[in-house]
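Subject: A structure for you to look at

Hi,

Here is the structure I promised to pass on.

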Amino acid sequence: MERGEYYPLFETKMGRGRVVYRLFAISLFVAICLIWLHRFNHIITITTNHTQQEEEDDRGIWVWLGLLAAELWFGFYWILTQAFRWNPVFRHPFKNRLSQRYEHMLPEVDIFVCTADPEIEPPMMVINTVLSVMAYDYPTEKLSVYLSDDGGSEITFYALLEASNFAKSWIPFCKRFKIEPRSPAAYFNTIIDSADTTNLGHELVAIKKLYNEMERRIEDATKLKRVPKEARLKHGGFSQWDSYTSKRDHDTILQIILHNKDPNNSKDVHGFILPTLVYLSREKRPQYHHNFKAGAMNSLLRVSSIISNGKVILNVDCDMYSNNSETIRDVLCFFMDEKKGHQIGFVQSPQIFENVTKNDIYGNALLAISEVEFHGADSWGGPMYIGTGCFHKRESLCGMKFSGEYKHKWKSENDLFIEGNLQELEEKAKGLANCSYEENTQWGKEMGLKYGCPVEDVITGLSMQINGWKSVYYNPPRKPFLVLHGMLLERFLWAYKWDTVLIAYGQLTV
């Protein structure tokens, strides 16, 4: 590479077949206009030749008016959707260039996993998600994983403790054999389906045995709704439930389970540092409105700012797992590009369901959105934020406005200096998750996720774009995330969010 020559960290390619589709769209638009013209002319003809004796003509006029109204509406809707199909773009990162330039100065990444109910979202499902993101192909000392448990369940906390012990064997196993995916449950299902275990041998048997033992302990605790006595005596974190009243009335429960300041409990079986792992159940009181997932995310933003303060934040739902261990490096190619990266506020990946049948006759896979419309939105400044599978710059999510002078200096980032021991850090962080912390502040308004709307993620993404940030849609052949259970309700909510985008945008701009 010649001195001073610029090689981008990603490239943008135009979608294939654009000319053919545009010709098709123009011809279809002409056909729609001809249908409208035919309806108008026929109504005018009936009205002109109308006589009082011809009652059938009266009924015919109303039928044609109804057809005209329906065709006007669907034609107008079709015209609106062409904005997302006219010029789709596709992004391709260059991880090798990222490694050459920034391998020794990669930024801290904070990962937020949110759960709310241990009965609807079983602890085993939650920890498989947690383990999959802990095992990313990324420097573990720069990776921090936070589990927000809005249900305040000690069973979920117990499951996370078990997962932290299993991670000491699971993470080196993943990296040694470069396995995909890195959710234990999903990986073991893949092994059963393929029956290809020749290269793994005894190590696969050993790690599967550890997983089965952990699963049995967690499932037993879940069924009995009680943490084993020996586990409660062994770990002091359970004492935080002594003053627990209900999931809607309790103090902040926070436990730093893994951290490099605890050298005796932060290394894997080979002596390498594990990612930071934190459990948080924010304070809940009946007299305070908690703003659902948006409130939980904002609490995580504040708590993480004094524990790890990652400059890049990934949030995922607990029912989806990492399907590609290279995703973080891919996304950093967008953020750290020298010419275009400074204006990118977030990178959104698709929400793909793993258990949709091949003959998806009802469109539950949402392929029109993930494979077409979001690529088209990417050519108009970027897609919206859909609440999960999204990477943010901390500044953009916290409400910072983009300006032309802004340049993120990745090379000069310093590690967060933590004073005191972990117990002191926990007590300090608890205050940031109190119910009263946000009173008379801009949290939920100008900072963090927005409150007061059922589609807080869409509103938050639009507000970031109004603040000057752009977004990028990243949809590689190997999907970054897969949803474990594509619930019907979740799909209905997706459709509801998509249909209310224009309304949401109107609320923002009024």
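Helices here are DSSP runs of H or I with at least four residues, strands are runs of E with at least two, and both are numbered from the N terminus. Helix 7 itself covers residues 202–224, which makes 23 residues. From first C-alpha to last, helix 7 reaches 33 Å, close to the 33 Å expected at 1.5 Å a residue (the expected span is 1.5 Å times one less than the number of residues). Leu204, Ile207, Tyr211, Met214, Ile218 and Ala221 in helix 7 are buried. By buried I mean under 20% relative accessible area, with exposed being over 50% and partly exposed in between (1.4 Å probe, protein chains only).

Before going on, a word on the source: this is a predicted model, in which local features need pLDDT of at least 70 and side-chain atom pairs count only at pLDDT 80 or more, while totals for chains, interfaces and linings use all residues. Residues are numbered from 1 along each chain as its sequence is written, and side-chain values use heavy atoms, leaving out hydrogens and water.

Now to the charged pairs. The structure holds 22 salt bridges (a side-chain nitrogen of Lys or Arg within 4 Å of a carboxyl oxygen of Asp or Glu).

One of them joins Glu373 and Arg85, at 3.2 Å from N to O. Glu373 sits in helix 11 (residues 367–378) and Arg85 in the loop between helix 2 (55–81) and strand 2 (89–93), so this pair ties together parts 288 residues apart in sequence. Glu373 counts as buried because its relative accessibility is 5%, and Arg85, at 22%, counts as partly exposed.

Asp150 and Lys284 form another salt bridge, with their closest N and O atoms 4.0 Å apart. This pair also links distant parts of the chain, 134 residues apart: Asp150 is in the loop between strand 4 (143–149) and helix 5 (154–177), and Lys284 is in the loop between strand 6 (276–281) and helix 9 (292–307). Asp150 is buried at 11% relative accessibility, and Lys284 is buried at 8%.

Then there is Lys430 with Glu427, a salt bridge of 3.5 Å, N to O. Both lie in helix 13 (residues 422–430), 3 residues apart, or about one turn of the helix. Lys430 is buried at 16%, whereas Glu427 is partly exposed at 48%. Finally, salt bridges with shared partners join Asp249, Asp251, Glu283 and Arg285 into one network.

Happy browsing!
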